[in-house]
Amino acid sequence: MGLFDKKVCVICGRQFGLLGGGSIADGHLCNDCKRKFSPYATKISKMTTEEVKRHLEYREKNELALASFKPDQVLCTGKKFYYDSSKESFLLSERSDWRSGNPDIINRKNVVNAEYHISEEASEIYKDEETKESYDPKKYEYEYTFTMKLTIDSPYFSSISFTVKDGDQAENKNDENYNRHEYTCRMIQHIVCPDLYPEPELKEPTVTVSIEPETWDCSCGQKGNIGRFCSACGKERIVTWDCPFCGQKGNTGKFCSSCGKEKTETFKWFCPDCGAENTGKFCSSCGREMPDNVKNKEVRRITPAPDRAKNQAQ
């Protein structure tokens, strides 16, 4: 066969040129026949003509079965999860007319396992984007991606992975959006693998209290300064402290000017989830308990960092 000779589709017999269609183990497929394949099908190029025919027969039966598929539970936004409890089967589609495109109907008895992973990406927030001046402690905004992977016992594909979206993007691990996304992942687990995963309970969202930055007034008259130096005259902030031993007020040095006792430092830690500065056992912003390595005095300060991103497998 010459370089520019026409190829013939082994399924429909149609001829096509060099740039059209694709190859299989013992022949060629035209684009029209390739489009009939399941979007989850793998190793198409290694299929034989007989294997392709069986796969396309399966796709024709699947299209006929869609007419009687009646979902009574729908989860997710974007790509939606449709479940028909009468048939114990589900499909995934992001189309408003979910029957179009011939989405695969999968019986849950063919689902071997259902796992989800949560990836976290941290981006630093700067005081000035141009100069990349950081806050102290550093501040970050987070983005979470919830990915579901279903392991399938099928002759045509072994797994299906898709991103789970359910409403607005989560800003931290304690907000309502994060809880709702995770709940949806666990509900899909329960629906497709009820023997492995119990029905989840929807967590109540944690109320996040906003903490305003500490401000101070300078002797020059400038009010509401933030940081170490006055924004008007540049004078350094003088922090005073009261002696807990003798009651002397307004000390500025390391030792009390009255009794000579050394200043006792307040133990401070920064929440690894939201970055808030704390002195008590629980975070004053998101409610997280002080981590064990802080309790045990292994570290004095914990600050969120870009490389803090984790993958969670439940």
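Student: Where does proline 137 sit?
Tutor: Proline 137 is in strand S10. Strands here are DSSP runs of E, at least two residues, and helices are runs of H or I, at least four residues, numbered from the N terminus. This is a predicted model, in which local features need pLDDT of at least 70, side-chain atom pairs count only at pLDDT 80 or more, and totals for chains, interfaces and linings use all residues. Residues are numbered from 1 along each chain as its sequence is written, and side-chain values use heavy atoms, with hydrogens and water left out.

Student: Is the peptide bond from aspartate 136 to proline 137 cis or trans?
Tutor: Cis, with omega near 0°. Most peptide bonds are trans.

Student: Which strand is joined to S10, and by how many bridges?
Tutor: S9 (residues 111-128) is joined to S10 (residues 133-152) by 16 bridges, and the two run antiparallel. Two strands count as paired if DSSP finds at least two bridges between them.

Student: Where else is phi positive in a residue other than glycine?
Tutor: Glutamate 88 has phi near 50°, and asparagine 102 has phi near 50° as well. Glutamate 88 lies in the loop between S6 and S7. Asparagine 102 is in the loop between S7 and strand S8 (106-107).

Student: New topic. What's the strand order in the open sheet?
Tutor: S5-S6-S7-S8, 4 strands with antiparallel pairing. The edges are strand S5 (73-75) and S8, each of which pairs on one side only.

Student: How many bridges between S5 and S6?
Tutor: 3, in the antiparallel sense. Glutamine 73 stands opposite tyrosine 83 in S6.

Student: Which residues touch the most others in the largest nonpolar core?
Tutor: Phe81, Met148 and Val192, out of 35 residues. Two or more residues each come from strand S6 (80-84), strand S7 (89-93), S9, S10, strand S11 (159-164) and helix H3 (176-192). S10 gives the largest share, 7 residues. Such a core is a set of buried Ala, Val, Leu, Ile, Met, Phe, Trp, Tyr and Cys residues joined through side-chain atoms within 4.5 Å. In soluble globular proteins, nonpolar side chains tend to be buried together.

Student: How many disulfides?
Tutor: The search of the whole structure finds 0. Cysteine 76 is in none, and its nearest cysteine sulfur is that of cysteine 185, 7.3 Å away.

Student: Are cysteine 76 and cysteine 185 buried or exposed?
Tutor: Cysteine 76 is buried, with a relative accessible area of 9%. Cysteine 185 is buried too, at 0%.

Methods. A disulfide is a pair of cysteine sulfur atoms within 2.5 Å. Buried means under 20% relative accessible area, exposed over 50%, partly exposed in between (1.4 Å probe, protein chains only).
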